[in-house]
Amino acid sequence: MAYVATEIARTIRMPGVQTRLSSDEEQELLRVLRESNSLSVGAGGCTENDAFETDFTQFVGCSDSVAVSSCTSALELSATLTGLGPDDEVIMPAHTFIATAVPFARTSANIRWADIDPGTRVINADTIRPLITKRTKVVVVVHLYGLPADMDSIIALADQHGFFVIEDCAQAPGAIYKGRRVGSIGHFGCFSFQTHKNMQTLGEGGMLTVRDKQHGEQARRLRWMGIWPWKGKREKSWIPAGNDIVEPIPGRWPVNYCMGEPNAAVGRMMLKRLDKINDGRRRQAIRFMEALSDYPELCFQHVPNDCHHVYHLMAARYDGQSSGHHRDDLFILLQDKYQLHAIVQYWPLNRSELFQKFGFGDANVPETDRFYDNMISFPWWSDMSDELIDDMARRTCKAIDELREGNSN
Ligand SMILES: Cc1ncc(COP(=O)(O)O)c(C=O)c1O
């Protein structure tokens with residue numbers, strides 16, 4: 001019932017939390033806070049992290065999972081594990097959240113921006129292929145808005161050219177491509193449990209999934225300062241030291257990207273109902289899109305038959321040329337007259353000053369530009385009521401009607 005206040009409010013806007021804790025999850029959190037031997041991975045075992053990782057591995061169907069502090073940390077670890085350096089190139093979409101790119105930019109590798117498919121709005125083999133060179137070491141595929149990219153053709157390219165495929169699954173936990181969960185298809189999968197995501201671990205959290213078990217062990221050594229159980233004989237249990245400090249992988253310093261134990265306990269609980277959460281979001285999406293089916297001005301993401309979309313967001317392109325209008329006209333009308341606060345995302349990264357400053361301003365991504373310049377992202381979260389979805393659709397229909405009739409002033 002946590003949503004009542006939002007639902008009766010006159011203004012509909014994106015909330016700060018996408019999926020609230022259930023009372024069972026709150027109870028579990030309290031239990032861990034009261035009873036757990038430690039709240040951190042490092043000091044004295046990591047019961048909840050271990051259990052969450054085991055469950056996540058089984059859920060995704062990968063070889064191993066490593067719980068971390070964020071998806072950005074998971075992306076950083078995957079960048080490190082591929083051994084990326086200044087002589088290498090990485091291909092990824094410019095149409096994504098900044099965190100997809102920064103961990104790779106930080107390796108000093110060259111980033112090349114792939115365009116999105118105009119229908120699915122994710123990258124595909126055709127947009128990646130022209131960018132492949134002898135230096136291509138990594139392709140980062142983002143399952144944006146919760147829709148899996150066409151992984152088979154991308155993996156076929158990877159096999160042919162010998163590059164790593166990293167799946168950015170931040171927005172797509174539980175999404176399925178041809179019967180397989182995202183995060184189990186590429187060499188690495190990176191998940192986010194931040195407050196805006198379909199499932200959360202108390203504000204921050206992430207998971208790295210791996211295809212090769214050895215990468216899982218290396219990621220654990222990197223994750224917590226290279227501190228590792230002592231192997232072999234010691235003079236005494238504390239001489240020379242209780243634990244060893246190892247070089248996690250050749251030539252790399254370790255980091256601290258650990259997830260807390262309470263966070264892991266909540267994540268483990270929420271994972272049990274993730275499919276249910278996603279089913280609800282899919283129902284909401286179908287209801288909303290059906291209510292707008294007489295409005296071809298709004299073009300929603302095309303979902304291929306073999307993909308199970310988890311609708312992290314509800315984004316559409318507004319094609320208002322027939323009535324001589326632009327997305328901004330719809331955006332302003334919705335906001336000012338109908339109190340429906342949509343947002344615009346994701347600023348193509350090549351257009352930002354930060355990426356331009358580091359030499360990543362060049363891109364030939366016309367579909368990315370066309371989508372970004374015309375897109376609108378509606379307020380969206382888990383457990384929206386039918387009434388709220390219908391209300392949001394009604395306000396949108398009214399606004400588009402007004403633009404069609406030309407009396408929006
Ligand atoms: C596509 C994408 N990648 C990565 C991230 C980073 O996730 P985190 O905040 O857990 O680091 C996000 C978060 O919004 C995202 O949307």
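Author: Glycine 119 lies in the loop between strand 4 (110–114) and helix 6 (125–128). The model is a predicted one, and every value below is computed from it. With a relative accessibility of 22%, glycine 119 counts as partly exposed, since the buried class is kept for values under 20%. Once neighbours within four places in sequence are set aside, the residues in contact with glycine 119 are Phe300, Gln301 and His302. Asparagine 49 stands 70 residues from glycine 119 in sequence, and the two C-alpha atoms are 38 Å apart in space.

Another loop residue, phenylalanine 97, is placed between strand 3 and helix 5. Its relative accessible area is 48%, which makes phenylalanine 97 partly exposed. Together with Ile98, Leu354 and Phe358, Phe97 makes a nonpolar surface patch of about 410 Å². Phe358, a member of that patch, also has a charge over its ring: the charged end of lysine 357 sits there, 5.9 Å from the ring centre.

Aromatic pairs come next. A pair of aromatic rings is described by how far apart the centres are and by the angle of the planes. The count comes to 13 aromatic pairs. One of them joins phenylalanine 97 to tyrosine 346, edge-to-face, with 6.4 Å from centre to centre and 70° between the planes. Tyrosine 346 belongs to the loop between strand 16 (340–341) and helix 12 (353–357), while phenylalanine 97 belongs to the loop between strand 3 (89–93) and helix 5 (102–105), so this pair ties together parts 249 residues apart in sequence. Tyrosine 346 is buried, at a relative accessible area of 12%, whereas phenylalanine 97 is partly exposed at 48%.

Phenylalanine 164 and phenylalanine 188 make a tilted pair, 6.2 Å centre to centre with 45° between the planes. Here the pair ties together parts that are 24 residues apart in sequence, because phenylalanine 164 is in strand 6 (residues 164–168) and phenylalanine 188 is in strand 9 (residues 188–192). Phenylalanine 188 is buried, with 0% relative accessibility; phenylalanine 164 is partly exposed, with 21%.

Phe191 is part of one aromatic cluster with Phe52, Phe56, Phe59 and Phe193. Over the face of phenylalanine 59 lies arginine 181, at 3.9 Å from the ring centre.

Of the 11 residues of helix 4 (residues 71–81), 10 are buried, so the helix is largely enclosed by the rest of the structure. The buried residues are Cys71, Ser73, Ala74, Leu75, Glu76, Leu77, Ser78, Ala79, Thr80 and Leu81.

The remaining links are between charged side chains. Side chains of opposite charge can pair when their charged atoms come close. In the whole structure, 27 salt bridges are found. One is between arginine 180 and aspartate 152, whose closest N and O atoms are 2.8 Å apart. This pair links distant parts of the chain: aspartate 152 is in helix 7 (residues 151–161) and arginine 180 is in strand 8 (residues 180–181), 28 residues apart. Both ends are partly exposed, arginine 180 with a relative accessible area of 32% and aspartate 152 with 33% relative accessibility.

Arginine 287 takes part in a salt bridge with aspartate 386, at 3.5 Å from N to O. Aspartate 386 is in helix 14 (residues 386–405) and arginine 287 in helix 10 (residues 274–291), 99 residues apart, so that the pair links distant parts of the chain. The relative accessible area of aspartate 386 is 40%, which is partly exposed, and arginine 287 is partly exposed too, at 34%. A salt bridge also joins arginine 287 to aspartate 390, at 2.9 Å from N to O. Because arginine 287 lies in helix 10 and aspartate 390 in helix 14, this pair ties together parts 103 residues apart in sequence. Aspartate 390 is partly exposed, with 25% relative accessibility.

Elsewhere, salt bridges link Glu28, Arg31, Glu35 and Glu48 in a network.

Key: Residues are numbered from 1 along each chain as its sequence is written. This is a predicted model: local features need pLDDT of at least 70, side-chain atom pairs count only at pLDDT 80 or more; totals for chains, interfaces and linings use all residues. Side-chain values use heavy atoms; hydrogens and water are left out. Rings of Phe, Tyr and Trp (its six-membered ring) pair if their centres lie within 6.5 Å; planes under 30 degrees apart count as stacked, over 60 as edge-to-face and the rest as tilted. Helices (H or I, at least four residues) and strands (E, at least two) are DSSP runs, numbered from the N terminus. Buried means under 20% relative accessible area, exposed over 50%, partly exposed in between (1.4 Å probe, protein chains only). A charge sits over a ring if NZ of Lys or CZ of Arg is within 6 Å of the ring centre and within 35 degrees of the ring normal. Patches are made of residues with over 30% relative accessible area and no salt bridge: like charges are joined within 9 Å, nonpolar side chains (Val, Leu, Ile, Met, Phe, Trp, Tyr) within 5 Å. Accessible areas come from the Shrake-Rupley method with a 1.4 Å probe; for residues, only the protein chains shown count as cover. A salt bridge is a side-chain nitrogen of Lys or Arg within 4 Å of a carboxyl oxygen of Asp or Glu. Contact means heavy atoms within 4.5 Å.
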